[in-house]
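Take a walk through this chain, one element at a time. Keep the view open as you read.

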Amino acid sequence: MFRTTYQIFLVLMLIGYGTFSFAHKYFFGLTELSVNSKNQTIEIIHQFTAHDLENAIAEQKQEHFSPEHPKYDLYIKNYFDKHFQLDVNQKKIELVWLGLELIKGKVIIYQEAPFKNKLAGLVVKNDLLVDTYIKQVNTVNYQDSVLKGSLTFSESNSVAIIEKQ
């Protein structure tokens, strides 16, 4: 009886461990860049899994980090300022932080900047979460009145240029 109970317990533990270890093996982020020609701005919307972003910041800051943290928005803003950048003509574009939302386990971040150009030649630097998650893949979809496409970023590729098509 004890042996059977022990075997069942052992099998359940292995199943539980296996489920836990494979529960979250994909790490990805999505960013949308679009030029609003009417307002002459570039609009940026980022979407990331909330707990991935929170874990990365908690590890960096060496403190518990969750939506209840008094500096939640500030820490995320600072993290994005450090790990996401746009350059045009070898000059950094100063992105304006509009805010963030938490929706169904995702953090949605809004930024914009004055922008009178087309996207061709824009340099995108994106190493969001790759320092914490080696398998992190970030996709940036972009669109203006002429260009539409996607860029992919990872630990081995954190800088890309939007090319003319």
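Helices here are DSSP runs of at least four residues, labelled H or I, and they are numbered from the N terminus. With that in hand, look just past helix 2: Q62 takes a positive phi of about 55° there.

A word on confidence comes next. This is a predicted model. The mean pLDDT of the chain is 88. Of its residues, 85% reach 70 or more. Residues 9-22 are another matter, with pLDDT below 50. Beyond near neighbours in sequence, that stretch has zero contacts in the model.

Now go back to helix 2 itself, which covers residues 50-61. How far apart are its end C-alpha atoms? They are 16 Å apart. Twelve residues at 1.5 Å a residue should span 16 Å, so the two values agree. Several residues of this helix are buried: A50, D52, L53, E54, A56, I57 and A58. An α-helix has 3.6 residues a turn, so residues three or four places apart point the same way. The cover over the buried residues of helix 2 includes strand 2, helix 3, strand 5 and strand 6.

Next, the core. The largest nonpolar core holds 40 residues. Which of them touch the most other members? They are L33, I76, L86, L122 and V124.

Leaving out residues up to four places away in sequence, L33 touches I42, E43, I44, F84, L86, L122, V124, V140, N141, Y142, Q143 and I162. Among these contacts, L86, L122 and V124 are also on the list of members that touch the most others.

Then move to V35. V35 sits in strand 1, residues 28-36. F115 is 80 residues away along the chain, yet the C-alpha atoms of V35 and F115 are separated by 7.5 Å. V35 touches F115, and its other contacts beyond four places in sequence include T41, I42, N117, L119, Q143 and D144.

End at D87, in strand 3, which runs over residues 84-88. Is D87 buried or exposed? D87 has a relative accessible area of 9%, and buried means under 20%, so D87 is buried. The D87 side chain makes a polar contact with the side chain of K125, at 3.0 Å. Beyond four places in sequence, D87 touches K125 along with K92, I93, G121, L122 and V123. One of these, L122, is also among the core residues that touch the most other members.

Conventions: Residues are numbered from 1 along each chain as its sequence is written. Side-chain values use heavy atoms; hydrogens and water are left out. Helices (H or I, at least four residues) and strands (E, at least two) are DSSP runs, numbered from the N terminus. Buried means under 20% relative accessible area, exposed over 50%, partly exposed in between (1.4 Å probe, protein chains only). A polar contact is a pair of N or O atoms within 3.5 Å; within protein, one must be able to donate a hydrogen and the other to accept it, and residues adjacent in sequence count only if both atoms are side-chain atoms. Contact means heavy atoms within 4.5 Å. A nonpolar core is a set of buried Ala, Val, Leu, Ile, Met, Phe, Trp, Tyr and Cys residues joined through side-chain atoms within 4.5 Å. The expected span of a helix is 1.5 Å times one less than its number of residues. pLDDT is the predictor's confidence in each residue, from 0 to 100.
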